[in-house]
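Thanks for coming. Please have a look at the structure on the screen, and I will then talk you through it.

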Amino acid sequence: MIKTPTSFSVTRSLIGRSHWHPLEIVFWVAAFSTIWLFPTKYLILTEIAWLALFALSLDLILGYAGIVSLGHAAFFGVGAYTAALLAKHEIINEPVLALIVAGLVASAVGFVTSFLVLRGTDLTRIMVTLGVALVLRELANQNGWLTGGADGLQGVTMQPILGRFRFDMFGHNGYVYCLTVLFVLFLLARRIVNSPFGLSLQSIKNNPLRASAIGINVNLRLVAIYTIAAGYAGIAGALLAQTQAFASLAYFDFERSADLLMVLVIGGTGYLYGGLIGAIVFKFMQDYLSVWTPQYWPFWIGLLLVLIVLVGRERITGWTRPIRELASKLDWRAARKDGA
Amino acid sequence: MRGDEPRIPLSVKAGAESAAGQVWGELIDIMLTILFDGVAYGMLLFVLACGLAVTLGLMNFVNLAHGAFAMAGGYCTVILVNRMGVPFFAALPIAFVVSALIGLILERTLYVHVYRKPHLDQVLFTIGLVFMSVAAVDYVMGSSQVFVQLPSWLQGQDVIFGVGVGRYRLLIIVICGLLTLGLQLILTKTRFGSRLRAAVDDARVARGLGINVNWVFAVTFAFGSGLAGLGGALGAEILGLDPSFPLKFMIYFLIVVTVGGTSSITGPFVAALLLGIGDVAGKYYLPAFGAFVIYTIMIVVLIWRPQGLFARPAGR
């Protein structure tokens, strides 16, 4: 039975795509239950939360728009320094507001630099993103009067969140804060990628030429998603700066961008949960390795990267595929039912 | 990048302020010395990076681990000269051969599986190799910076026409200049060179003409790795050698290749010279800006001409 898609059925199928799958609900219930289940693990859980947000931001441009970036730490660093500077000079004392401002500043940097990644091949994009991160790092390094230079930005005192919840020494409030921000921004990202805009991004990723032939303004959409992703990365950096009350040049490092790619690749790209799952796996692995061999753990990280590529990313992330297929099937059924 | 910026010490000694008439002369001397140091540095960069240019142009393969081969050559020389007492000039060819062998083995066993994969995979794979090499060298050789013990007659400076000329830098210019000439001759005059150029221009048609592109590539990869190793051996003294070498200089190699383009070796050569002179001059005249200028220029060039400054218009 072939039907011409009417705008009605298109709407239905879009809504069907955005249905909440039971597994997703289980995932988030589990995520929030960690607040009560693991009160001694707040530090690593907090790290997982901001890393997951950071990886989610890379997934938006890599998994959905197909832009390979080796300099995503640029926006992470911008957000972190913005948040730390706002708190240090008591410009904006309230962390949530400062977080939003940090995200906006990172977005602005993302918007300006997005025009640089529109042209050229993968290699050019890799080089340009890498170059942008290096330039920003160098700027932060040279302007020591503002950023503290190589020593990092010290002497940051954080005020209570919403004026009520202090960053306590156990990291409880910090973790709840990070997790909540992650959840809220995840909802937003989910809305974005399931919207017609998100679909058009995927068509650009698959074939930019054809996408532009069917009337999608490729450049405009790439600029838009790059700006959004930069904002996400900035907020992730700001979360780190706020929970640690510190910002350093290392936030711009190439290793950070490279690790981030790995986080996303472990979890798989293009379905939003990849960055989240990858962050969990990566952090626990890093934690384990750095206890086992404090100085040489990058070797094993590197080995894992090599193996992932040699075995094939698809096969590595294949373990999530049954879940994803099940999810898409269920969603499809829901869409059919609604559309019929 | 980990640690501080790559170290490029200058052999310039700022002249003491003297009579007004001499000031101009001294300024010119300083400029000439900077030019000389910059050329030495640029030539070194070219030898380090030209293998990368060819492999990138030939297989469209993004090899971020190229610096690891240079590091292998550098440490090989350090072990041979400092620990085993091999003469410096005997150690250089050994460094070349060892790096080339490592390159050949890795190419045949690992790289060959990654050529057809997307760029993302190539990036991940080679970053993985970089991380592994950095940690492994750290484990075996320690994390501190090492130096090659140069023969005493190579140390120090001569003054030629009033310009301070470091002996070792002069040696680098001579060796790298000869290498560049040799490479150009191989590429333009030999049968292998024409096969290589054909394969770079259009690998599919070259295959159709019966050229074994995979074999050409393996040889080129090994040779390029060897050259990187030789560059690492020569450059250990000037660039500084420690386990984070591949990470520190990755961006420099990539700049040479992307700015110079991958369709010839003249492009990367000119790009390397410009980068070398620009970097040395920038660090002397504008120390406050640091590496900032170089990165900015790279971005501008990439946006202006994504195929590189010196790419031939009629590529593939």
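First, some ground rules. This is a predicted model, in which local features need pLDDT of at least 70, side-chain atom pairs count only at pLDDT 80 or more, and totals for chains, interfaces and linings use all residues. Residues are numbered from 1 along each chain as its sequence is written, while chains are lettered from A and ligands numbered from 1 in the order in which they are written.

Confidence next. The predictor gives the complex an ipTM of 0.83 and a pTM of 0.85. For single residues we have pLDDT, the predictor's confidence in each residue, from 0 to 100. In chain B the average pLDDT is 83, and 91% of the residues score at least 70. Where in chain B does pLDDT stay under 50? One stretch is residues 1-7, for which the model has 16 contacts beyond four places in sequence. Another is residues 11-17, with 12 such contacts. By contact I mean two residues whose C-beta atoms, placed from the backbone, lie within 7 Å. Where pLDDT is low, the predicted coordinates should not be read in detail.

Now chain A. The C-alpha trace spans about 65 × 45 × 45 Å along its principal axes. The radius of gyration of chain A is 20 Å, which agrees with the value near 20 Å for a compact globule of 340 residues. That radius is taken over C-alpha atoms, and the globule rule is 2.2 Å times the number of residues to the power 0.38. Of the 340 residues in chain A, 46% are buried. A residue is buried if 20 or more other C-beta atoms lie within 10 Å of its own, exposed if 12 or fewer, and partly exposed in between, with C-beta atoms placed from the backbone.

Two loop residues deserve a look. A:Ala245, in the loop between α11 (218-244) and α12 of chain A, has a positive phi near 50 degrees without being a glycine. A:Leu272, in the loop between α12 and α13 (273-292) of chain A, is not a glycine either, and its phi is about 70 degrees. Which of these is buried and which partly exposed? A:Ala245 counts as partly exposed because it has 18 C-beta neighbours inside 10 Å. A:Leu272 is buried because 21 other C-beta atoms lie within 10 Å.

On to where the chains meet. Chain A puts 39 residues into the contact and chain B puts in 38. On the chain A side, α6 (122-142), α12 (254-267) and α14 (297-311) each supply at least two residues. The most come from α6(A), with 13 residues.

Last, the core. The largest nonpolar core has 208 residues, and A:Leu53, A:Leu305 and B:Val256 are among those with the most contacts inside it. Such a core is a set of buried Ala, Val, Leu, Ile, Met, Phe, Trp, Tyr and Cys residues joined through C-beta atoms within 7 Å. Helix α1 (residues 20-59) of chain B gives the largest share, 19 residues. Leaving aside neighbours within four places in sequence, B:Val256 is in contact with residues including B:Ala49, B:Ala272 and B:Leu275. B:Ala272 and B:Leu275 are among the buried residues of α10(B).

Technical notes
Helix = DSSP H or I, 4+ residues; strand = E, 2+ residues; numbered from the N terminus.
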